[in-house]
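Subject: Structure handover

Dear colleague,

Here is the structure I said I would pass on. My notes on what was found in it follow below.

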Amino acid sequence: MQVFKANEPIIELLKSRGALLHAEKVEHSYPHCWRCHNPVIFRATEQWFIAMETKTPPKGPSPSPGISARDLTPRERLNLDGARSEIDTFRTRALAEIKKIKWDPTWGEERISNMLETRPDWCISRQRVWGVPIAVFACTGCNKPLKDPAVNRKVVELFAKSGADSWYSDEFVKENDILDVWFESGCSYLVEVANEANYPWPSDLYLEGGDQYRGWFMSSLLCSLGAKGSAPYKGVATPGWTLDETGRAMSKSRGNDVDPADIAKRLGGEIVRLWVASVDFREDVVGSENLMQRAAEAYRDIRNKLFRYVLSNLYDFVPQLNAVPFEELQAVDQYILRQTYALSADVTRWYEEFAFHKIYQRVNHFAIVELSAFYVDVIKDRLYTFAPDSVGRRAAQTVLWRIGEALVRLLAPIMSFTCDEAWQHLPKNDSRPASVLMAKFPAAEDILGSASVATDDPQQKADWTTLLSIRDQVLKPLEEARAKNQIGKSLEAQVKLTASDSLYGVLERHKDDLRYLFIVSQVTLEKGSGNGTGSLQVEVSPAAGDKCERCWNYSIRVGEDKNYPTVCERCAPVLRQLEAGDSGPTSNL
């Protein structure tokens, strides 16, 4: 008879014997199977347990006089210095191990400690017809377990040879229960360590969902503590749940899940990894097709505005021959390399902290704002108009090469295939590994060119913070002049700056860089009091002179060289070199 249909016959039997006082139906909560959603059937049977309060051998001095272990909570026992001989139990030892582990998020330590502190003895037996058997023999006479190490070794040898299905007995009765699957999973790392002599112990990290504090994290801790006396992991990380756009947890049964394999097939596996890196995995996060598409846009920005641009400008660059020392780089080059080192230091630290979302945000900002919208704009003139082997152009290429080398390594854990593809096309040298996945994160000397170069220059950083602020102030009136049709492109403009003492010194130190910084043809600088509302006054007017057909800058010296009547004084020497077959360095180009 089905167990839930037995209620009525039992009630009738009690009635017939006059033993029933009252019967009625009561609606109440009842445990149901999480998988099939049917009511759970309870049965009383003998089980196997691991006792949590079993005393362990003394490992320290005796407890203080008058202190009784029975009067203390597990945590009070754990915090009682020296009171180890009487009160050290399996539970308190586990609580002590928990304190040695790095939990991410940090609340994980409190969560598993609370569970361990109040949990009952661990029932490790299950009554099923499949699974790993509890390899214990019982006497047919007294039903007591056979405790014989020699027999146990034979069982181990038999299992190793023929598997767990070989479990059988002759004159003894075999145990029919199987092990709890959590006991099996908790032993998984112990099996790996036993099978490989050099397998590391403990593991660096266990990663699973928040429901595993009572499951895999707990069972692994207890199994390892019993077998090896310590936790099997140095750290534990717990991701949040993935939600749909309405905030409901994704579930296959609900049909609201996003299939990563489908996204990877249509958009690429890099997009899935980049999306995962873009969110704080510790929190519950929303996953959807729309968010994956946004990650795809960010991927294209990094691929095209960073890697593609870098590679396209290094086609004739050989580091061993063309790299320019840091001291010979222009000020803007030195500044952006130090910014790259600061980025590298942040990214490396965030990898150690599993702060992948911070890496995503920082790299995205660096690629779009600091490189694409600033540095790349500033060096275009050098890359495209200077003589091929000029110091200015080689300096810009040196910086792009070092930035590319650094970022391809830093992003390899997230954009593995893209970074390895870029790695194959970056300039090679004998010391580079074949794959970026075998390379280390960049050190300061990889980015700055030498270990002797200071990673930070406060004066330089302060100057460029000021210059970038001024650049923003200049770009606004340039845009206004363009809207009024006073100029077309910014190279058609000249800018006059009137600066107070606080800014004039900075602008004077970098006066040769200003026209490239603002991407205009001419800049004049005067000392003054500003425009009354600030320390800087900006005036925009059409540039003087004619447009150079080669570099598109305006100059009053266009046509000075009669052999090149349509180009400026900067481009004419370059053309002479190119026509002569000489692309060697020049003093100012």
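This is a predicted model. Searching the whole structure turns up 0 disulfides. Two of the cysteines show why. The sulfur of Cys142 has its closest cysteine sulfur in Cys139, and at 3.9 Å this is too far for a bond, because a disulfide requires the two sulfur atoms to be within 2.5 Å. Cys142 is partly exposed, with a relative accessibility of 49%. For Cys123 the closest cysteine sulfur is that of Cys223, 14 Å away, which is also too far for a bond.

Next, the open space. The largest pocket holds about 1,100 Å³. Its lining consists of 29 residues, of which Trp34, Val40, Arg126, Arg128 and Asp180 are the closest to the centre. Elements that contribute two or more residues to this lining are β3 (122–123), α6 (181–186) and α8 (216–228); the largest share, 3 residues, is from α8. By class, the pocket lining has 15 nonpolar, 9 charged and 5 polar residues.

The largest cavity, at about 60 Å³, is lined by Gln330, Val332, Val378, Arg382, Trp464, Asp513 and Tyr516. That lining comprises 4 nonpolar, 1 polar and 2 charged residues.

The second largest cavity has about 40 Å³. Around it are Phe307, Val310, Leu311, Gly404, Val408, Ala422 and Leu426. Two or more of these lining residues come from each of α11 (289–312) and α15 (391–410), and α11 gives the most, with 3. The lining of this second cavity has 6 nonpolar residues, 1 polar and no charged.

Regards

How values were computed
Residues are numbered from 1 along each chain as its sequence is written. This is a predicted model: local features need pLDDT of at least 70, side-chain atom pairs count only at pLDDT 80 or more; totals for chains, interfaces and linings use all residues. Side-chain values use heavy atoms; hydrogens and water are left out. On a 1 Å grid over the protein atoms alone, a cavity is a set of points where a 1.4 Å probe fits but cannot get out, and a pocket is an open set with protein on both sides within 12 Å along at least five of seven lines; lining residues have an atom within 4 Å of a point. Grid points are joined across faces, edges and corners, and a volume is the space filled by probe spheres set on the points. Helices (H or I, at least four residues) and strands (E, at least two) are DSSP runs, numbered from the N terminus. Ala, Val, Leu, Ile, Met, Phe, Trp, Tyr, Cys and Pro count as nonpolar, Asp, Glu, Lys and Arg as charged, and the others, Gly among them, as polar. Buried means under 20% relative accessible area, exposed over 50%, partly exposed in between (1.4 Å probe, protein chains only).
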